[in-house]
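Subject: Structure for your files

Hello,

Here is the structure I said I would pass on. My notes on what was found in it follow below.

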Amino acid sequence: MKHIRLTTEPPANFNLLKELYEALGWNSLQLTVKELEAMCCQSWYAVYAYDHGRLIGMGRVISDGVITGIVCGLGVHPDFQSKGIGAAILGQLIEHCEQHRVIPQLMCTEGLEAYYEKHGFTKFTIGMTRMRT
């Protein structure tokens with residue numbers, strides 16, 4: 001993580017976020033650059049990871065700022081995974097929540113449960129979603 005910079009500063013060009021989402025296989029909804037920018041700007045808190053100006057990871061929290069914060073969109077470019085970047089981003093998201101007495105929660109796929117358990121999360125309910133039609 002020597003050259004990695006974590007910041008709340010969003011990318012100057014949100015095409016970088018679109019590229020990251022596509023590298024992660026996350027853009028199944030075909031979100032536009034403008035929609036991705038709105039998603040980040042309307043989040044309660046977001047952390048971005050850069051390597052020499054290249055956006056390589058991010059995570060965000062959506063929240064009312066009072067009780068609950070939902071950690072979402074936490075991802076690191078495949079070329080930079082398993083280097084502690086995701087854990088560092090998650091740590092900053094959790095710290096921000098705790099500083100504001102907001103309970104961090106998240107939904108994840110079953111394959112990621114062990115990862116989040118390592119970071120102090122516990123399974124507490126069944127999550128459900130309704131996909132766009």
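Lysine 123 and glutamate 113 form a salt bridge, with 3.4 Å between their closest N and O atoms. A salt bridge here is a side-chain nitrogen of Lys or Arg within 4 Å of a carboxyl oxygen of Asp or Glu. Glutamate 113 sits in helix α4 (113-118) and lysine 123 in the segment after α4, so the pair ties together parts that are 10 residues apart in sequence. Lysine 123 is exposed, at 63% relative accessibility. For these labels, buried means under 20% relative accessible area, exposed over 50%, and partly exposed in between (1.4 Å probe, protein chains only).

Before the rest, the ground rules. This is a predicted model, in which local features need pLDDT of at least 70 and side-chain atom pairs count only at pLDDT 80 or more, while totals for chains, interfaces and linings use all residues. Residues are numbered from 1 along each chain as its sequence is written, and side-chain values use heavy atoms, with hydrogens and water left out.

The count of salt bridges comes to 2. Besides the pair above, arginine 5 and glutamate 9 meet through their side chains at 3.9 Å, N to O. Arginine 5 is partly exposed, with 40% relative accessible area, and glutamate 9 is partly exposed too, at 45%.

Next, the interior. A nonpolar core is taken as a set of buried Ala, Val, Leu, Ile, Met, Phe, Trp, Tyr and Cys residues joined through side-chain atoms within 4.5 Å. The largest one has 20 residues, and Ile85, Ile89, Leu90 and Leu93 touch the most other members. Two or more residues each come from β2 (45-51), β3 (54-63), β4 (68-76) and α3 (85-99). Helix α3 gives the largest share, 6 residues. Helices (H or I, at least four residues) and strands (E, at least two) are DSSP runs, numbered from the N terminus.

Leucine 93 is in contact with Tyr45, Val47, Gly59, Arg60, Val61 and Val71, leaving aside neighbours within four places in sequence. Contact means heavy atoms within 4.5 Å. Apart from this core lies another, of 14 residues, including Leu24, Leu31, Leu36 and Leu55. As background, nonpolar side chains in soluble globular proteins tend to be buried together.

Helix α2 (residues 33-41) has Leu36, Met39 and Cys40 as its buried residues. Viewed down the axis of α2, they fall within an arc of 95 degrees, so they line one face of the helix; the arc is that of the directions from the helix axis to the C-beta atoms. This buried set packs against α1 (15-23), β2 and β3. Lys34 and Cys41, on the other side of α2, are exposed.

Histidine 77 belongs to the loop between β4 and α3. Is histidine 77 buried or exposed? At 12% relative accessibility, histidine 77 counts as buried. With neighbours within four places in sequence set aside, histidine 77 is in contact with Leu20, Ala23, Leu24, Arg54 and Ile56.

On the surface, Val66, Ile67 and Ile103 make up a nonpolar patch with about 290 Å² of accessible area together. Patches are made of residues with over 30% relative accessible area and no salt bridge, where like charges are joined within 9 Å and nonpolar side chains (Val, Leu, Ile, Met, Phe, Trp, Tyr) within 5 Å. The areas come from the Shrake-Rupley method with a 1.4 Å probe, and for residues only the protein chains shown count as cover. Valine 66 lies in the loop between β3 and β4 and is exposed, at 56%.

Isoleucine 103 is in strand β5 (103-106) and is partly exposed, at 47%.

Last, the backbone. Most residues other than glycine have a negative phi. Histidine 52, in the loop between β2 and β3, has a positive phi near 50 degrees and is exposed, at 64%. Arginine 101, in the loop between α3 and β5, has a positive phi of about 60 degrees and is exposed, at 75%.

Regards
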